[in-house]
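Colleague: Hey, could you walk me through this one? I'm new to it and would like to start with the inside.

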Amino acid sequence: MSTPVTLETIRTAPKVLLHDHLDGGLRPQTVIDLADAGGYANLPTTDAEELGVWFAEAADSGSLVRYLETFAHTVGVMQNTDAIIRVAAEAAEDLADDGVVYAEVRYAPELFTEGGLSLEQIVEAVQEGFRQGEATAAARGKKVRIGTLLCAMRQNARSLEIAELAVRYRDAGVVGFDIAGPEAGFPPTRNLDAFEYLRQQNAHFTIHAGEAFGLPSIWEAIQHCGAERLGHGVRIVDDIKVEEDGTVHLGRLASYVRDRRIPLEMCPSSNLQTGAAASIAEHPIGLLHRLRFRVTVNTDNRLMSHCSMSGEMAALVEAFGYGWADLQWFTVNAMKSAFIGFDERLAIINDVIKPGYAALQA
Ligand SMILES: O=c1[nH]cnc2c1ncn2[C@@H]1O[C@H](CO)[C@@H](O)[C@H]1O
Ligand SMILES: [Zn+2]
């Protein structure tokens with residue numbers, strides 16, 4: 001008999017996460033410890049439980065710009081290598097404990113230079129932390145592999161430099177590039193030189209698009225910049241019309257995204273907080289899953305959105321009645337869309353994901 005699909009059983013299922021911010025996933029107690037050690041005095045509270053609630057509530061603002069303001073505190077405590085190593089190691093452990101078998105975790109190196117670290121020192125500290133966290137998790141019998149994405153911030157003008165950094169570290173665990181930060185007023189085409197460079201280097205990138213801004217942002221990301229995946233991409237529904245009788249019409253852009261199998265890195269809880277969707281039940285992921293877009297499920301920011309990979313899946317199960325076959329479909333979609341090599345993706349699908357879901361459905 002098939003195992004019932006509950007939060008607890010979903011935790012045991014192999015999961016793949018493509019969109020998770022390192023500076024959005026700290027444990028509240030770690031924020032407090034690091035603030036204390038590093039002399040960061042601006043935290044709203046030094047009680048771990050209260051701090052967790054504070055982040056979730058402050059981020060629950062209905063606006064991406066206000067959501068992003070909460071990162072001042074996590075970035076504020078990550079300005080030395082010890083702090084960065086600890087945060088990265090704990091991220092790997094927490095993901096492994098939640099049953100994530102492969103994750104791409106992203107961060108913007110340019111945000112961690114206030115204490116005098118070079119971009120290279122920052123990248124190396126994060127890689128060291130991931131390596132430590134993977135080893136700690138493996139010793140507990142949980143195997144996770146972490147790939148790193150480097151973000152450039154849309155509001156700054158350092159994207160080419162960060163793209164070069166990503167390429168320099170591509171054989172050391174950095175598997176791709178992204179642009180993050182406020183979307184309105186900062187179109188992806190501002191960073192064309194970075195994307196051009198990455199394409200010439202045969203390097204991979206995704207772009208946050210279609211979260212706080214609509215179709216033009218998605219169109220630019222794909223057709224001008226050459227994004228392989230879309231961070232969020234929720235607003236692609238603006239190009240889909242559902243008639244009262246249920247007939248569906250896809251516009252040219254939505255058709256292109258579906259036909260080309262462009263992966264959508266969807267983050268349901270985060271989207272509720274930034275106002276990109278009103279509720280999980282009304283989240284476009286339901287329609288996009290039904291229409292067989294290349295949908296993936298992600299956390300975005302586990303601290304600010306007070307979520308986990310298993311929790312996001314459980315919320316979808318509750319809202320849409322999904323079963324193991326749907327959760328496996330999301331997981332295989334994500335693994336197919338990862339930025340590591342084809343043979344490695346295939347091995348995880350065949351050796352880990354399929355047997356894992358088969359056992360749950362047996
Ligand atoms: O959903 C999002 N949309 C756009 N930018 C984001 C989102 N979540 C986090 N960041 C931004 O990405 C930086 C690097 O990790 C974070 O510091 C935050 O400013
Ligand atoms: Zn994001």
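Colleague: Which residues have the most contacts inside the largest nonpolar core?

Modeller: Quick note before that: this is a predicted model, where local features need pLDDT of at least 70 and side-chain atom pairs count only at pLDDT 80 or more, while totals for chains, interfaces and linings use all residues. Residues are numbered from 1 along each chain as its sequence is written, with chains lettered from A and ligands numbered from 1 in the order in which they are written. As for the core, Ile84, Ala88, Ala92, Val126 and Val144 have the most contacts inside it, and it has 109 residues. A nonpolar core here means buried Ala, Val, Leu, Ile, Met, Phe, Trp, Tyr and Cys residues joined through C-beta atoms within 7 Å. Buried means 20 or more other C-beta atoms within 10 Å of a residue's own, exposed means 12 or fewer, and partly exposed is in between, with C-beta atoms placed from the backbone.

Colleague: And where does the largest share of that core come from?

Modeller: From helix H6, residues 81-97, which gives ten residues. Helices (H or I, at least four residues) and strands (E, at least two) are DSSP runs, numbered from the N terminus.

Colleague: What does Ala92 touch?

Modeller: Setting aside residues up to four places away in sequence, Ala92 touches Phe130, Gly133, Glu134, Ala137, Val144 and Ile146. Contact means that the two C-beta atoms, placed from the backbone, lie within 7 Å.

Colleague: New topic. Which residues does the UniProt "binding site" annotation cover?

Modeller: The unreviewed UniProt entry lists His21, Asp23 and Gly181. They are spread over 161 residues of sequence but cluster in space, with a largest C-alpha distance of 12.5 Å. UniProt positions follow the numbering used here, feature names are shortened, and annotations may be inferred rather than shown by experiment.

Colleague: Is His21 buried or exposed?

Modeller: Buried, because 25 other C-beta atoms lie within 10 Å. His21 sits in strand S1, residues 15-21, and its contacts beyond four places in sequence are Arg106, Tyr107, Asp300 and Asn301.

Colleague: Where does Asp23 lie?

Modeller: In the loop between S1 and helix H2 (28-38). Asp23 is in contact with Phe71, Thr74, Val75, Met78 and Tyr107, leaving aside neighbours within four places.

Colleague: Last one: which residues of helix H9 are buried?

Modeller: Ala194, Phe195 and Leu198, in a helix that runs over 192-200. Down the axis of H9 they fall within an arc of 95° (taken from the directions from the helix axis to the C-beta atoms), so they line one face. Asp193 and Gln200 are exposed on the face turned away from that buried side.
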